[in-house]
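Let's take a friendly walk through a protein model together. Have a look at the sequence and the structure before reading on.

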Amino acid sequence: MTSKKIVLTGDRPTGKLHIGHYVGSLKNRVLMQNAGDYEMFVMIADQQALTDHAREPEKIRQSVTEVTLDYLAAGLNPEKTTIFIQSQIPELAELTMYYMNLVSVARLHRNPTVKTEIDQKGFGEGVPAGFFVYPVSQASDITAFKADLVPVGADQKPMIEQTREIVRSFNNAYNTDVLVEPDGIYPENEKSGRLPGLDGNAKMSKSLNNGIYLADDFDTVRQKVMSMYTDPDHIRIEDAGKIEGNMVFHYLDVFGTEKHAEEIQAMKEHYQRGGLGDVKTKRYLLEVLEEELRPIREKRLELAKDLGEVERILKAGSQKAQQVAAQTLSDVKRAMGLDYFG
Ligand code: ATP
Ligand code: MG
């Protein structure tokens with residue numbers, strides 16, 4: 001038995017990963033993995049992706065490979081971290097069946113992230129039932145691995161809260177302690193927890209197409225940076241500019257490291273005083289971003305040459321994850337008295 005804390009987290013394979021995923025969650029995972037103090041599970045949530053992409057299975061399938069390449073390029077190491085595919089673990093769906101009985105429809109309606117997403121996606125009353133209950137399925141994913149910690153972006157706080165409620169309801173209803181209440185881990189820098197889009201939209205999101213992707217080549221990144229939302233009232237270089245809500249400065253605060261701090265501070269003051277143009281600030285941001293993105297991009301290109309290896313990693317990870325989830329499911333069913341035949 002391991003006494004290491006267990007970590008579960010993941011992404012929806014609805015596209016490639018962007019720098020919001022990277023600073024919101026992926027970077028934290030790599031740090032935790034390399035610290036060596038955790039047992040790490042990273043799930044590619046293809047079933048959750050299908051809750052709002054039911055008719056695009058080929059996109060989901062392709063994205064599974066893309067997301068895995070993003071993971072490996074960013075530094076997840078399959079020797080240390082179990083990377084697996086949700087749909088290959090049927091135990092997760094079975095857990096969801098049991099948990100759904102412990103969650104009211106009214107409670108689901110109160111989940112602010114789901115509410116926002118239903119609006120954004122324009123579902124209205126037509127929201128797929130599977131989408132509406134995805135927080136419950138997420139509770140299954142987390143609890144199946146008895147995760148203590150879930151490193152995620154700020155939009156996932158309501159999911160962690162709901163998972164904790166489900167754990168308490170379950171343990172209480174069946175008078176057991178089989179399920180573990182997880183804690184979310186959010187980026188220390190609040191500006192990373194919900195990275196806004198290039199357009200200034202509240203969240204960089206695969207679905208909103210307002211992101212810089214880990215796989216983007218240099219020219220694409222440059223183009224995107226050059227078209228970023230800044231201060232619309234900063235028209236002439238001599239004008240005083242605003243840094244609040246200006247994506248260039250927001251990203252500099254997120255991606256700048258200690259060695260950039262002084263320069264960033266000087267630029268902020270200059271911009272607010274007037275006399276500093278957007279092209280200059282954008283060029284500097286591009287430089288800062290490239291320091292972080294170039295090695296990831298280069299590694300990703302290398303890894304993409306051997307997709308057979310990617311498949312082997314996913315298969316081995318899924319087999320290992322399945323065994324862990326099967327053990328939890330068996331504990332759960334025993335707690336519920338569903339172990340009819342011993
Ligand atoms: P989709 O639009 O398909 O939901 P997404 O961009 O929201 O895609 P997810 O796969 O839902 O991405 O999220 C994966 C992880 O990345 C979660 O932990 C989430 O909190 C985090 N994350 C997503 N977008 C951001 C962002 N803009 N800033 C910080 N973290 C983010
Ligand atoms: Mg999302």
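The report below goes through the model's domains, their interface, the ligand and the salt bridges.

## About the model

This is a predicted model, in which local features need pLDDT of at least 70 and side-chain atom pairs count only at pLDDT 80 or more, while totals for chains, interfaces and linings use all residues. Residues are numbered from 1 along each chain as its sequence is written, chains are lettered from A and ligands numbered from 1 in the order in which they are written, and side-chain values use heavy atoms, with hydrogens and water left out.

## Two domains

The chain is assigned domain 1 (5-195 + 308-336) and domain 2 (218-301); such bounds come from an automatic or database domain assignment. Taken over C-alpha atoms, the centres of domain 1 and domain 2 are 33 Å apart.

## Where the domains meet

In domain 1, 16 residues are in contact with 11 residues of domain 2, where contact means heavy atoms within 4.5 Å. The size of an interface is often given as the accessible area lost when the parts come together. Here the buried area is about 1200 Å², with 61% from carbon and sulfur atoms; this is the accessible area (1.4 Å probe) that two parts lose on being put together, summed over both. Ile19, Ala73 and Lys191 supply 42% of the area that domain 1 buries against domain 2, more than any other three residues.

Side chains of opposite charge can pair when their charged atoms come close. Four salt bridges cross the interface of domain 1 and domain 2, a salt bridge being a side-chain nitrogen of Lys or Arg within 4 Å of a carboxyl oxygen of Asp or Glu. Glutamate 292 and lysine 27 form a salt bridge through their side chains, at 3.2 Å from N to O.

## Around the ligand

Which residues are closest to ligand 1? They are Thr14, Asp155, Lys203, Lys206 and Ser207, among 22 residues that surround the ligand (a heavy atom within 4 Å). The side chain of histidine 21 has an N or O atom 2.8 Å from an oxygen atom of ligand 1. For serine 205, a side-chain N or O atom is 2.8 Å from a ligand 1 oxygen. Glycine 153 uses its backbone instead, with an N or O atom 2.9 Å from an oxygen atom of ligand 1.

## Salt bridges in the whole structure

Searching the whole structure gives 26 salt bridges. In one, the side chains of lysine 146 and aspartate 331 meet at 3.0 Å, N to O. This pair links distant parts of the chain, 185 residues apart.

Note on methods. Polar contact = N/O pair within 3.5 Å; in protein donor to acceptor, adjacent residues only side chain to side chain. Helix = DSSP H or I, 4+ residues; strand = E, 2+ residues; numbered from the N terminus.
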